[in-house]
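Please look over the sequence and structure below.

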Amino acid sequence: MNSNFLWGGATASYQCEGAWNIDDKAESMWDHYLHENNLENGDVASDHYHHFEEDIKMMKDGGHNAYRFSLSWPRIIKNRAGDINPKGIAFYNKLINCCLKNGITPFVTLYHWDLPQYWQEVGGWLNLDTSRAFAHYAEVCFEAFGDKVKLWTTFNEPKWFTVNGYLIGNYPPAEHDLQHTIICGFNVMYANALAIQKFRQGKFQGQIGIVHSYSPIDGIDDTIETKIAMRNADNYANNWVLDTAALGSFPIDLLAKLSETNDISFMKPDLLKTIAENKVDFLGLNYYARTLVKPYTSGETKMVFNNSGKKGSTQMRIKNWFEQVMDPNSEYTEWDTEIYPKGLEDGLIRAYQKYHLPIFVTENGVGFHENINVNEVKDDYRISFMNDHINALMNAQDKGADVRGYFTWSPFDLYSWMNGVEKRYGLVAVDFSTLKRKPKASYFWYKKIINSNGKLI
Ligand code: BGP
């Protein structure tokens with residue numbers, strides 16, 4: 001492992017900060033949606049807003065040399081006019097300074113899903129003004145923090161929040177509408193390009209990338225039908241984000257297939273030109289699992305995600321595209337996530353061979369129900385998961401992939417989008433009633449791995 005390799009953990013503002021209405025923060029679409037529907041929310045979450053010094057100290061003591069976190073747009077920009085909230089800027093300055101003081105490289109995500117509600121009210125990502133406003137917000141952040149932050153990413157997982165928000169209906173605004181899914185996806189990729197344009201025009205130092213929820217595609221056999229299904233699945237799951245961000249254009253066969261059923265005339269030439277001209281410097285890949293597919297046989301599109309932690313409820317079939325299958329020989333978590341480290345190795349090699357860009361594994365981890373009322377949580381399952389995935393990363397490096405960092409999701413317990421505080425991912429346990437922190441066994445294990453720079457894997 002190169003001595004500059006980044007070892008750390010990743011979080012998202014909404015999932016850990018709490019302080020949802022403090023210091024003039026505006027409401028986010030998640031605040032609004034969860035309050036309105038009376039669902040478990042992140043009003044307090046891990047209260048990182050008031051505990052960040054303790055959390056960062058814990059990272060430092062755990063050997064981390066980097067921290068991936070996101071900035072909250074509604075904490076920084078007050079309204080649609082674009083007015084800046086100085087208290088929001090002050091908070092993130094404190095957080096970034098704390099990282100630097102502890103020898104931790106800040107790795108900053110501009111958008112991890114907490115859209116300001118004042119933009120959602122005028123159509124959110126269906127409105128191109130939101131894309132333009134995102135570029136303004138990005139520029140405010142580059143100017144405010146650019147002297148200290150050198151690694152930026154625009155969006156966390158455009159595919160995941162677009163599909164969950166507009167197709168599956170799990171996330172706000174909870175729609176089931178393919179046309180809106182396509183418009184949202186396009187406007188987000190356009191916003192990504194606009195933010196990169198601001199970064200280049202302002203001659204800010206450092207690098208800018210995007211984070212993708214990467215699910216490498218495997219097929220059940222080698223038939224031509226399965227290969228077509230794999231290509232459809234890859235276009236659906238990966239290519240519309242990665243090709244567009246890294247190569248500057250949407251896959252042609254994807255656009256052709258979409259235009260059979262939908263109107264894509266809103267993808268105007270001037271917008272496509274901006275996308276083509278503003279590409280990323282690196283890729284952030286979040287890896288949880290691969291997708292194993294077979295050809296579509298029959299039935300309407302059906303997408304059900306396991307939000308209950310009860311095995312066997314996941315289903316994904318896209319009419320005339322592909323169907324997802326579970327591998328009877330694989331192990332799955334209670335949330336139906338396949339535990340498949342080889343997918344990370346394969347995926348890193350495929351992504352590097354296709355895009356020739358540096359890659360950071362920006363999230364990798366596993367969620368469990370855990371009893372934290374013990375002296376130390378003995379999370380051997382997490383240790384074995386991380387061990388096997390870091391090993392897979394190193395195999396990919398050995399085979400030539402330029403992988404520059406690994407961020408575990410998550411350095412401490414936080415709020416999970418659909419499962420609240422039930423589904424724990426952290427290396428440090430958080431008692432959500434007292435907000436006390438306590439390292440789990442995986443924290444000490446990760447520290448040894450980092451201190452050996454991966455040699456102990
Ligand atoms: C990723 C998101 C994270 C995080 C993680 C685990 O897709 O970027 O924000 O939540 O998944 O997901 P969950 O909490 O739903 O299990």
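Predicted model: local features only at pLDDT ≥ 70, side-chain atom pairs only at ≥ 80, totals over all residues.

Residues are numbered from 1 along each chain as its sequence is written.

Q: Which strands form the closed barrel?
A: Strands here are DSSP runs of E with at least two residues, helices are runs of H or I with at least four, and both are numbered from the N terminus. Two strands pair if DSSP finds at least two bridges between them. The barrel has eight strands with parallel pairing, in the order β1-β2-β3-β4-β5-β7-β14-β15.

Q: What is the average angle between neighbouring strands of this sheet?
A: Axes are lines fitted to C-alpha atoms, for helices over the stretch in contact, and angles run from 0 to 180 degrees between N-to-C directions. For this average, direction is ignored. Neighbouring strands are turned against each other by 25°.

Q: How many residues surround the ligand?
A: A residue counts as near if its C-beta atom, placed from the backbone, lies within 6 Å of the molecule. The closest are Ala12, Trp160, Gly367, Ser416 and Trp417. The shell divides into five nonpolar, six polar and three charged residues. The number surrounding the ligand is 14.

Q: Is Pro172 buried or exposed?
A: Pro172 sits in the loop between α8 (158-168) and α9 (178-201). A residue is buried with 20 or more other C-beta atoms within 10 Å of its own, exposed with 12 or fewer, and partly exposed in between; C-beta atoms are placed from the backbone. Because Pro172 has 23 other C-beta atoms within 10 Å, it is buried.

Q: Which residue in the turn between β10 and β11 has a positive phi?
A: Two bridges join β10 to β11 (residues 322-324), and the strands run antiparallel. The hairpin has three residues between its strands, and the one with a positive phi, about 70°, is Asn320.

Q: How far apart in space are Pro172 and Asn320?
A: In sequence, Pro172 and Asn320 are 148 residues apart. C-alpha to C-alpha, their separation in space is 27 Å.

Definitions and conventions:
Nonpolar A, V, L, I, M, F, W, Y, C, P; charged D, E, K, R; others polar.
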